[in-house]
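Visitor: I would like to learn how to read chain contacts and sheets in a model. Could you walk me through an example?

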Amino acid sequence: MSIDLSQFIPSFLEESFEGLELMESSLLNLDAGDNEIINSIFRAAHSIKGGAGTFGFDNVTEFTHLVETLLDEIRDGRRDITAKDTELLLVSVDCMRLLIEAARDDADYDQDKITETTHLLEQTLEIDGPASHIEIAKSDEDTQEPAGKIWHITFIPEHHLVQTGNDPLLLFSALADLGELTLKAKTDLLPAITEMDATELYISWELSLISDASEEDIREVFEWVEDECKLEIVELEVSPKSSSSETQDSLRNSASVDPEISDSQTALVTEQPASAIQSSEKIEKIEKNKTKTKQDSGSIRVGVDKVDSLINLMGELVITQSMLSELGNDFEISKLEKLKSGLDQLLQNTKELQESVMKIRMLPISFAFNRFPRLVHDLSIKTGKEINLVIRGEQTELDKTVMEQIGDPLVHLVRNAVDHGIESSDMRIANGKPKSGTITLDAYHQGGNIIIEISDDGGGINREAVLSKAIEKGLVDSGATLSDSQVFDLLFEPGFSTAKEISDISGRGVGMDVVKRNIQSLGGRIQVESQPGIGSKFKVNLPLTLAILDGQLVRVGTEVYIIPLITIVESLQAKEEFINKVSGDMTLYRLRDDNVPVIPIYQLFDLPADTKEVNNALLVVVEADGQKVGLLVDDLLAQQQVVIKSLKDNYQQVEGISGATILGDGSVAMILDVPGMIEMAMKRAQEKQNEHILEGALV
Amino acid sequence: MDIQALAKDIPEQGEYSLEGIDFITSGKQYLTFLLGEEQYAVDILCVEEIRSWEQPTVIPNAPKYVKGVINMRGIIVPIIDLRLKFNIGQATYSDITVVIVLTVEIEDQSRTIGFVVDAVSDVLNAEDNEIKNSPYFGGCVPQSCIDGLINVGAKVVTLLNVETLQLIEKHKVD
Amino acid sequence: MTKILVVDDSNSIRDMVSFTLKSAGFETTEAKDGVEGLNKAKAGNYDLVISDINMPNMDGIALCTELRKLPSFKFTPILMLTTESSPEMKMRGKTAGATGWLVKPFNPEKLLATIKRVVR
């Protein structure tokens with residue numbers, strides 16, 4: 001039978017990465033000196049080694065063996081763990097990850113790093129030479145011994161042998177697999193019947209085996225019972241080595257005479273080539289699978305509780321369905337109430353089902369937060385700053401896709417906090433602050449969104465420095481008066497960097513603008529709060545999922561549009577005194593200090609509409625890319641969650657529209673792409689201006 | 001069978017010549033429909049469903065012949081009026097106006113689009129060798145959309161290429 | 001049908017062992033650590049237990065010791081999965097009452113060959 005092992009490889013990879021994460025986070029918490037922590041690190045390494053060996057990733061096995069040995073020494077108390085050991089183990093974890101990733105992607109890896117780390121590990125372990133002692137699964141390709149030996153075996157088991165689950169009969173059948181076996185049971189050890197215990201074994205055996213097996217092969221059969229028996233293995237007759245081929249011939253001849261031996265012999269002969277073919281097939285399969293895993297968009301591990309709740313809901317839905325269909329079979333108007341309550345129940349079921357299905361894609365944000373203890377640990381060594389990392393709300397759940405895409409922006413924000421936020425220890429002491437700085441990561445739900453906060457207790461953002469840099473870069477006019485939040489927003493302008501020197505931590509000014517763009521592409525936004533001397537806080541606001549959004553339904557003419565709630569600043573009825581017409585065609589609305597351009601949706605989308613005059617009209621003020629605009633609509637309808645459907649599947653991308661959804665009545669409504677609409681409006685205005693210029697030139 | 005002799009009879013252009021040599025093909029079924037007074041046909045295997053006209057949701061700034069999108073069992077399906085697209089007949093909408101929803105696989109992706117026509121007329125059986133090359137004399141329908149002509153009695157049915165139809169909205173102005 | 005209890009904290013190894021055994025016509029039950037393994041063992045009858053040694057909560061050695069205390073597991077073969085082929089590890093297993101051991105890494109063929117030595 002051939003078992004295709006490759007199907008278990010994705011699962012092995014997944015748990016290996018989990019194991020590595022556990023090793024890393026445990027190593028970072030090791031200062032406590034807790035033995036249980038060491039144990040769990042050891043276990044993780046041990047599992048990875050075992051799995052890697054089984055699935056044929058020998059380089060992983062070899063490397064992990066060294067790590068495991070070091071951990072074993074620590075675990076057994078043979079070695080006191082030093083900070084240097086911890087660092088080495090952390091680097092080793094990186095190496096293991098490198099190797100496993102390379103195995104997954106069937107790609108090359110940084111061999112120098114592995115060699116170097118291997119060397120360091122060996123030095124630490126005081127092992128000389130390459131790790132040649134590691135046991136890699138040896139196939140049964142032991143060189144064949146001269147055939148046709150006769151073995152005499154005396155086997156006297158201890159009385160309690162069967163109590164370990166061993167069965168003499170099975171031992172004998174294993175021996176019979178090696179050659180021709182004859183056995184003689186001896187009962188001389190049998191006690192008087194009154195002293196006999198039914199659970200004990202009193203028989204011993206004399207066996208003779210004609211086989212080409214070595215003594216070692218025979219001993220291996222008795223491996224598990226060695227200590228519970230008296231075992232003597234004696235070779236009775238040695239065939240001359242020179243005539244080994246002859247003996248084989250004679251064996252074969254005798255085989256043809258004796259059908260029983262013939263069976264076992266042919267089995268032995270054919271077995272090896274067959275297994276060789278199998279294993280080469282296996283390699284092919286594993287390779288195929290590797291490419292498969294690479295393309296795989298990834299699996300999701302779902303807690304059994306979530307699946308159970310789905311199944312329960314499914315059950316309820318089925319009950320409701322059968323109730324309704326029965327009602328439909330012979331419906332009378334008197335049963336209307338029953339129908340109504342049935343439909344209510346259906347609504348409830350559907351809602352719960354939807355929630356549960358969405359929950360399947362939700363993972364705790366700890367998946368994204370996990371990498372930060374290590375990151376901060378490394379950064380604090382690199383910068384010489386003492387930093388505590390506080391993580392809160394790790395269990396807050398977030399859509400898998402959002403999680404995958406928010407990782408990099410968060411890393412950048414944390415690096416930024418270490419680099420620009422936290423002051424050096426000297427400066428902190430001089431300012432009367434605790435010597436070590438604190439960076440806090442916090443996540444929580446608010447409405448339909450998740451908020452992630454990255455805050456530090458550092459020096460805060462230097463408003464003047466930011467402003468003068470922005471003026472220098474021509475991002476703002478020198479005379480401009482800006483609010484704090486407007487100044488902080490400058491940090492996200494492309495090409496802006498306040499670091500006096502480019503450090504290798506937060507890079508060279510590319511970054512914050514990319515961070516903002518990434519967050520926006522997820523339908524989220526980022527805000528900054530900062531107080532001089534006290535610290536800064538970056539607040540990332542993200543939708544929980546990309547599949548659903550909270551929307552405000554609005555009407556324009558006969559069409560219904562959905563404005564993502566996250567973009568809405570406020571809705572208001574336009575008052576005449578705040579309306580200003582500028583440069584001929586543009587309408588601005590004064591909202592406190594801001595002049596907000598008005599975009600009439602009907603104009604942008606070329607639709608018939610009820611309201612074309614801004615005065616008294618409904619304006620939905622939305623914000624994107626720091627730009628506020630007022631969308632002119634006919635009517636504000638309900639707010640509701642909508643499921644986002646792509647227009648691209650069957651049609652194409654539409655300017656100003658991010659997707660569509662199906663409303664309760666089955667009709668389709670378009671979801672507005674606010675940044676896209678602003679871009680459209682700006683483009684139109686520009687075109688119009690160009691036309692005017694052209695006309696002006698003609699006149 | 002004398003393939004050489006057969007090949008002589010085959011017109012030089014068009015897919016028919018290739019299909020023609022391959023004699024084993026059995027007939028295919030086509031759904032025929034009306035645009036104005038003219039008969040058109042599409043491969044019946046591509047037809048997802050035939051539905052009556054309903055007012056779709058407008059797609060902002062789309063070309064005139066793209067009437068909008070509808071919800072077909074949870075899928076967003078664009079609706080294209082072939083009469084407007086090909087400029088044939090009058091684009092009027094009534095209870096008997098019909099939408100033929102077609103699905104094709106293009107580069108591993110299935111695309112579903114609804115096409116507004118005046119009426120569905122019949123299912124037509126035609127062998128591949130009954131499909132004649134369409135002469136190129138201009139006309140409203142782009143040549144790339146036409147797979148050939150089928151004679152039905154004295155009338156002629158234009159066989160449309162569903163794949164090119166599906167890509168119709170990619171090139172807004174032909 | 002021969003019933004086998006497979007105890008391992010590693011999903012992939014557990015799946016692999018279980019899959020191999022099922023393909024060979026055995027019936028398997030899986031547990032992810034010693035505690036779960038012991039509970040499942042108490043709840044049913046098994047013809048063989050295959051257990052990893054290194055596991056959280058309760059390791060394989062402790063599981064073995066506990067199983068041998070149960071009357072229904074007095075003679076049941078118990079195989080330990082181990083990456084350590086050291087004599088002392090084997091001794092610990094034997095002392096706890098294990099029938100034998102299977103050294104990792106192993107392949108399905110080796111696993112089945114080993115099982116043949118403990119179940120009829």
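This is a predicted model: local features need pLDDT of at least 70, side-chain atom pairs count only at pLDDT 80 or more; totals for chains, interfaces and linings use all residues.

Visitor: How many residues of chain A are in contact with chain C?

Guide: Two residues are in contact if their C-beta atoms, placed from the backbone, lie within 7 Å. Here 29 residues of chain A meet 33 residues of chain C.

Visitor: Which elements of chain A give two or more residues to that side?

Guide: Elements are DSSP runs numbered from the N terminus: helices are H or I with at least four residues, strands are E with at least two. On the side of chain A that touches chain C, those elements are α1 (9-28), α2 (35-54) and α6 (168-176) of chain A. The largest share, nine residues, belongs to α2(A).

Visitor: And how does that side divide by class?

Guide: Ala, Val, Leu, Ile, Met, Phe, Trp, Tyr, Cys and Pro count as nonpolar, Asp, Glu, Lys and Arg as charged, and the others, Gly among them, as polar. The side of chain A that touches chain C has 10 nonpolar, 13 polar and six charged residues.

Visitor: What does the contact between chains A and B take from each chain?

Guide: It takes 20 residues from chain A and 16 residues from chain B. On chain A, β21 (657-662) and β22 (668-672) each supply at least two residues. The side of chain A that touches chain B holds 11 nonpolar, five polar and four charged residues.

Visitor: Now the sheets. What is the strand order in the open sheet of chain A?

Guide: Strands pair if DSSP finds at least two bridges between them. In chain A, six strands form an open sheet of mixed pairing, in the order β14-β18-β19-β17-β16-β15. Because β14 (568-573) and β15 (579-582) of chain A are edge strands with a single partner each, one side of each has no neighbour in the sheet.

Visitor: How do β14(A) and β18 of chain A run?

Guide: They run antiparallel, joined by five bridges, with β18 covering residues 618-624 of chain A. A:E570 stands opposite A:V621 in β18(A).

Visitor: Which order does the open sheet of chain B have?

Guide: Its six strands follow β8-β1-β2-β11-β10-β9 (chain B), with mixed pairing. Seven bridges link β1 (residues 28-35) of chain B to β8(B), and the two run antiparallel. B:Q29 faces B:N125 in β8(B).

Notes. Residues are numbered from 1 along each chain as its sequence is written. Chains are lettered from A and ligands numbered from 1 in the order in which they are written.
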